[in-house]
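Please look over the model below with these notes to hand. They take up helix packing, domains, annotations and backbone angles in turn.

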Amino acid sequence: METEKIGFIGLGNMGHPMAKNLEKAGFPLSVYNRTIEKAEDFKKKSTVYSTVTDLVKNSDIIFTMLTNDEAIKAVYEELLVLNIHGKLFIDMSTISPETSKKMADAVKIKEAYFIDAPVAGSTMPAAEGTLIIIAGGEERDLQRAMPYFEKLGKAVKHLGENGKGIAGKLSVNYFLSAIYQGLAETVLFSDQLGIQRTDMLEIINESASGSGATKVKTPMLINNTFDPAFALDLMLKDILLAKNAGADFPLSKALIETYQSAHDEGFGKDDVMGIINYLKKIRVDKNIKTLNSQQYI
């Protein structure tokens, strides 16, 4: 079978390394990013387009990896006016189930194909090609996408029809939001009790409470630096998407309140694990308030 021409739209923190893995694999690749400078290092081996329209016209399979519903809608509004008959669209963004299903239906009306395929994993797995791809769509479309998925991830989980991939991703990120807040609170508690962070994190990571999620954030917690592998604002977006999709549990309100307040206090651009600095701030503020009130007793 002749190799299909691949297009990749969205070269952000995740999209850039993912597209690079497709390029390294030798697939005929075209890329587009709204900020053209982010495509600079693709010019030697791939084709860089300055419009979505030109990329779609010259691609058979089109990947999209964008920030939110608004970005996806803007891109699909451009491409849906084209003749896209027979093309396969693979959206790897984390967006609302409603928007994803709407895009899938609109693509199918144009006699093209659609897979929602968000990923579990952040920038390092994206660069290493070890993401977990959570897919919703037709089996035949998944088989068409598999040669490319194999270069992007270590596993592909097909959950069923369009929309199931997004459902799976929102579910796992809901769980991660609880893990990260719980980890942050635990570390702050152990700090308060005089335990060294290195010791506490070793105990966590080597015991049943440890996981890949705790291990990957350990260096950040030890060094107290939170450059974004996955920004706190993106986690807030995903928790709110989960809420709108029906996540209404005892933890939901607490998680939304914490991440929203952290955003409001200016921590949104930090890595999601930067939630610890927000929690530390409100604890300090509470102690100061208590001390000040005691001075007037």
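1. Helix 3 and helix 4 are roughly parallel to each other (angles under 35 degrees count as such). Their packing angle is about 10°, and the axes lie 11 Å apart. Axes here are lines fitted to C-alpha atoms over the stretch in contact, with angles running from 0 to 180 degrees between N-to-C directions. Helix 3 spans residues 69-79 and helix 4 spans residues 97-109. Helices are DSSP runs (H or I, at least four residues) and strands likewise (E, at least two), numbered from the N terminus.

2. Helix 3 brings Asp69, Ile72, Lys73 and Tyr76 to this contact, and helix 4 brings Thr99, Met103 and Val107. Contact means heavy atoms within 4.5 Å. By class, the contact residues of the two helices are four nonpolar, one polar and two charged. Ala, Val, Leu, Ile, Met, Phe, Trp, Tyr, Cys and Pro count as nonpolar, Asp, Glu, Lys and Arg as charged, and the others, Gly among them, as polar.

3. A word on the basis. This is a predicted model, in which local features need pLDDT of at least 70 and side-chain atom pairs pLDDT 80 or more, while totals for chains, interfaces and linings use all residues. Residues are numbered from 1 along each chain as its sequence is written, and side-chain values use heavy atoms, leaving out hydrogens and water.

4. The chain divides into domain 1 (6-161) and domain 2 (167-295), with bounds from an automatic or database domain assignment. Their centres, taken over C-alpha atoms, are 30 Å apart. At the interface, 14 residues of domain 1 touch twelve residues of domain 2.

5. About 980 Å² is buried between domain 1 and domain 2, 65% of it on carbon and sulfur atoms. That is accessible area (1.4 Å probe) lost on putting the two parts together, summed over both. Thr94, Pro97 and Ser122 supply 37% of the area that domain 1 buries against domain 2, more than any other three residues.

6. UniProt (unreviewed entry) lists "domain: 6-phosphogluconate dehydrogenase NADP-binding" for residues 5-160. That span is 38% helix and 24% strand. The UniProt annotation "domain: 3-hydroxyisobutyrate dehydrogenase-like NAD-binding" (unreviewed entry) covers residues 163-279. There the chain is 72% helix and 0% strand. Such annotations may be inferred rather than shown by experiment.

7. Check two backbone angles. Glu111, in the loop between helix 4 and strand 6 (113-116), has a positive phi near 60°. Asn224, in the loop between helix 9 (212-223) and helix 10 (232-244), has a positive phi near 55°.

Technical notes. Parallel < 35°, antiparallel > 145°, perpendicular 65-115°, else oblique.
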